Amino acid sequence: MDQKADPEMKGWLSKWTNYIKGYQRRWFVLSNGFLSYYRDESPKASKLSFRGRRLRRTRSENQAEMAHTCRGNISLHGAMIHTEDSCTFVISNGGTQTFHLRAANEVERQRWVTALELAKSNAIRAMESDEEDEIVLDDQSQSQEAELQNILKNLSARLEDLQTCNDLIVKHGSALQRSLSELETIDTATDVPSKIKAVNERATLFRITSATVINACQDYLLLAQSQGRKWQKMLQHERDQRQRLEEVVEQLARQHSHLEQAAKDHQTPRTSMPQVSPSDEDEDNEFYDAQSDQSHSENQQNFIIKIPMGHRRTSSAASLGSQGADNGPRDSQDEASGSSSDVENSETKVLVISSGTNAEAGTSQSKKEVGESSSKKDSSKAGTSSSSPSGTVSPPAVIRKRRTRVPDKPNYPLNLWSIMKNCIGKDLSKIPLPVNFCEPLSMLQRVTESYEYSDILTKAASCSDPCEQMAYVAAFTISIYASTSNRTGKPFNPLLGETFECDRMADLGWRAISEQVSHHPPMAAQYCEGRGWRVFQEVTVTSKFRGKYFQIIPLGTSHLEFDSSGNHYTWRNVTTTVHNIIVGKLWVDQHGDTDIINHKDGIKCHLKYIPYSYFTRDCQRKVKGCVMDKDENVKWIVTGTWDDKVEIAPVTSVEGDSNNPVYRTGPYIVAWQRRQPLPESEKYYNFTELASQLNEEEDGVAPTDSRLRPDQRLMESQRWDEANTEKVRLEEKQRAVRRKREAEAEAASAAGQSYPPYEPIWFKKEKEPWTGQICHIYNGNYWVCKEKQQWDVCPDIFGTP
């Protein structure tokens, strides 16, 4: 509010203080919609300010001191002003704060009442004015700050009054006690009336003082309560402002996303000149690429791959220098780069790749490869193969007809930030979240979804060249991220002992069994067998929430074996980052380095997942790598994007000297191509056809199977409120079982007995011979028990609601 428009008024008035002091003369100032009072007009005469009596100050310093010695104030907005008699009037603020004032005469009283009414009208008008007016906001902010200071001073004054009353009650109490003592020691009856009179007088003073203390305490309590409500309103106002700010930021983020998408849609075709990403500050992250958005077959490909050399702890936790050594879990991860390899030496090897073949040859070869993959896929779907990849599996005679989608995701609005703000810096795998942030799949099912493109492994099993086989294995490790580009829902954390089987041998040529083998830390073990290959792995991750994004850092190792060649491969997945947690549309990126190692003959493949960058002109989500033999000679090139396709090419010749070699490649072969999403898949969690079938109900599965998990089934059925209730019940049931085991372990320890730790049912800890690691290996009993329907070894983890 503009002070010039305010009917400012200053003057002396008498204010009722308490029953002891009665009306006291105070200096009142009406300004900015507040009526404030002071002990004196000038702080030089203030009895409270000892500093004001000693120091000589300028006029501006005196004004500051005057504001500092304010004894109290009352806001006129919403205040009631009424007169009692010719000289007395009352100002009340909702019954919580009241000023009883008395002027010198009736004329003076009327001047004050008129000025107060006008100031009240201006205060109400200012409160109803446009909140976006910057001048009004500044004045309101200043008045609120002054009001806060005045409130603190008022509370201090009330405390001083309480201290004064306390001193008086101590004084009169002591006098009353002395009178009573004298009454007990009188010698003559003539002194009794005078002594009794003195006792009565002092008792009356004590009673009056006690009543004054009670009134002062009530005044202080009322003032504290009224100001407490006012502070709550101010706090609520700040919260509302923050919410509006978040909404504005979210709207800006959406507009930015739309503009970015529009810019991509209208982006001009890139030329074949080499491009450098300006966002790559580290030399190890620089990739120069001559590819266009169409195909490798349309342009010659020239790019550079930089591979970290020296002693390196690879993604398989095995040293390149000494394979088979168990380095155990890494103590740290590079969260910025998401690297799956801990490089101890900054030395890098630079590989210059150049395509030396014509486009026509590459095109024909690519088409040939796609045709071969399609025919093999159709053959596997028809179930023509009657033999198992390892000679132990017999597919069912009839191929089951499965569903192609799940029910639509209901619209349950929920503020993600309201929950995630309390998770900053924590491991998300240990934080219970409502189903609103999940998808109706467990982590065990999500891991099984990695075999959607298992036909790549079937193709690799038929390769006679181990380096070509490695290239196909690399393509498979990239394909597991295909569905993550638009899948932002969190899978359910499996309960301890939860399992999931997926038998698709009849149509897809593989079957898998997974089990949650540990709860803290969360760890799952999986075994999958296909036609000529088998994969087993431990799935354990660490995840950290950083406010705007959170990262999922894999720690487990994957193993792949081929029956015909006996080759044994290991690798570790790269870091996954989910962006725009606070505002904007969630999106996922994969980034980091990983090494795939063939422990039989020392062949390795280094892959680099390039982080997403707004500034590069190259295509996003790119992956580049090379296959090297045991002597580190480059044999195959791997390139593509992890959300679309991967192409591989053999190295046909090497030009240049040994320090600066240039590798010429043959025609590129499409090793993997992503299947297009189903129509309207965004309505049902962006599931692929395989993902939609994973949670489909099936007879004969173990009672611990994820398909039987009630909260997950309720969520899929669009009953999210019931799913949240059931999820809490299951988590509490699991905690109760854990507490029971801990109590039994403590009792056994106190008795000097050993207590057996939890043991998985379908996996057991063994030493893996190729790497020397201790990991969970499938014991081979699940499918036998399923055939006999013997599930007595399974615990009751879901219970009955």
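Biologist: Buried means under 20% relative accessible area, exposed over 50%, and partly exposed in between (1.4 Å probe, protein chains only). So which of those is Arg400?

Modeller: Arg400 counts as partly exposed, because its relative accessibility is 34%. Keep in mind that this is a predicted model, where local features need pLDDT of at least 70, side-chain atom pairs count only at pLDDT 80 or more, and totals for chains, interfaces and linings use all residues. Residues are numbered from 1 along each chain as its sequence is written, and side-chain values use heavy atoms, with hydrogens and water left out.

Biologist: Thanks! Which side chain meets Arg400 in a salt bridge?

Modeller: That's Glu698, at 3.4 Å from N to O. A salt bridge here is a side-chain nitrogen of Lys or Arg within 4 Å of a carboxyl oxygen of Asp or Glu. The two residues are 298 apart: Glu698 is in the loop between α11 and α12, and Arg400 is in the loop between α6 (359–381) and α7 (416–420). Helices (H or I, at least four residues) and strands (E, at least two) are DSSP runs, numbered from the N terminus.

Biologist: And Glu698, buried or exposed?

Modeller: Glu698 counts as buried, because its relative accessibility is 18%. Salt bridges also link Arg400 and Glu698 into a network with Arg402, Glu696, Asp705 and Arg707.

Biologist: What about Glu697, what does it touch?

Modeller: Leaving out residues up to four places away in sequence, Glu697 touches Arg400 and Arg713; contact means heavy atoms within 4.5 Å. Glu697 and Arg713 are 16 residues apart in sequence, with their C-alpha atoms 9.3 Å apart. Glu697 counts as exposed, because its relative accessibility is 56%.

Biologist: How many salt bridges are there in the whole structure?

Modeller: The search finds 36. One of them joins Glu439 and Arg487 at 3.0 Å, N to O. Glu439 sits in strand β12 (residues 438–442) and Arg487 in the loop between α10 (466–479) and β13 (490–492), so this pair ties together parts 48 residues apart in sequence. Both Glu439 and Arg487 are buried. Asp507 and Arg504 also meet in a salt bridge, at 2.7 Å from N to O, and both of these are buried too.

Biologist: Switching topic: what's the strand order in the seven-stranded open sheet?

Modeller: The order is β4-β3-β2-β1-β7-β6-β5, with antiparallel pairing. Two strands pair if DSSP finds at least two bridges between them. The edge strands are β4 (72–75) and β5 (80–83); each has a single partner strand, so one side of each has no neighbour in the sheet.

Biologist: Which residue in β4 stands opposite Tyr37?

Modeller: Gly72 does. Strand β3 (residues 34–38) runs antiparallel to β4, and four bridges join them.

Biologist: And how is β7 connected?

Modeller: On one side, strand β1 (residues 9–18) pairs with β7 in the antiparallel sense over two bridges, and Lys15 has Leu101 as its bridge partner. Strand β6 (residues 88–92) also runs antiparallel to β7, through five bridges; here Ile91 has Phe99 as its bridge partner.

Biologist: Nice. Which side chains of β7 are buried?

Modeller: Phe99 and Leu101, which point to one face of β7 (residues 98–102).
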